[in-house]
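Hi,

Here is the structure I promised to pass on. Have a look at it first, and then read on for what turned up.

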Amino acid sequence: MIIERSELISKCLDSGRSATPQRISIVDELNHSGKNLSAYDLLGRLKDKGQAFNISTIYRVLDFWIEMDVVHKIDSSNTFLMCNDSHTNHFHVLLHCSMCNSIEESCQVSAQLSLPESNKFSIKDGQVIEFQGFCSKCK
């Protein structure tokens, strides 16, 4: 699912943050890729399109979009993926195929998960849970 550029800009402005050309270029590239990419993948793709960024800018912008709940970081592969749902009070579950490296965000799985409430521990907002396995193509 591709998020409209106007929605991304509105998300920035609603939070009191700027929708800078760098932020929009980088998230547009990730958004239109349709898959998870590393920061270096993004750097190369943008360079191929004539846009010069340094890697620290890419990471800084990705951190911004993670904070804005637009991008997920996949820790196991150090890649990034656009969020495909609206963060409505549930965990974000990523199904990561170990064979082809594809990643699917599953709202069906996340809607079934619940953790007991505790006074000793509170879960951070925007929590991502990643399951390793095999997609239907690679089974």
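How many residues does the largest nonpolar core have, and which of them have the most contacts inside it? Keep in mind that this is a predicted model. The core has 22 residues, and Trp65 and Val70 are the ones with the most contacts inside it. At least two residues each come from helix H1 (5–14), helix H2 (21–33), helix H3 (39–48), helix H4 (55–67) and strand E2 (79–82). H4 gives the most, with five residues.

Trp65 is worth a click. Its relative accessible area is 0%, so Trp65 counts as buried. Leaving aside residues up to four places away in sequence, Trp65 touches Leu8, Cys12, Arg23, Ile24, Val27, Val70 and Val71.

Next, the packing of two helices. H3 and H4 meet at an angle of about 115°, their axes 9 Å apart, and their crossing is right-handed. On the H3 side the contact is made by Ala39, Tyr40, Leu42, Leu43 and Leu46, and on the H4 side by Ile55, Ile58, Tyr59 and Leu62. By class, that contact has nine nonpolar residues, with no polar and no charged ones.

Finally, the rings: the structure holds two aromatic pairs. Tyr59 and Phe80 are edge-to-face, at 6.4 Å centre to centre with 70° between the planes. Because Tyr59 lies in helix H4 and Phe80 in strand E2, this pair ties together parts 21 residues apart in sequence. Tyr59 is partly exposed at 26% relative accessible area, whereas Phe80, at 1%, is buried. In the other pair, the ring centres of Phe64 and Trp65 are 4.9 Å apart and the planes are at 75°, so this pair is edge-to-face too. Phe64 is buried, with a relative accessible area of 4%.

Best wishes

Conventions:
Residues numbered from 1 in each chain as written. Predicted model: local features only at pLDDT ≥ 70, side-chain atom pairs only at ≥ 80, totals over all residues. Heavy atoms only, no water. Core = buried A, V, L, I, M, F, W, Y, C linked by side-chain atoms within 4.5 Å. Buried < 20%, exposed > 50% of the residue type's maximum accessible area, 1.4 Å probe, protein only. Helix = DSSP H or I, 4+ residues; strand = E, 2+ residues; numbered from the N terminus. Contact = heavy atoms within 4.5 Å. Axes fitted to C-alpha atoms, helices over the stretch in contact; angles between N-to-C directions. Left-handed = near helix turned anticlockwise from the far one by under 90°. Nonpolar A, V, L, I, M, F, W, Y, C, P; charged D, E, K, R; others polar. Phe/Tyr/Trp six-rings, centres within 6.5 Å; stacked < 30°, edge-to-face > 60°.
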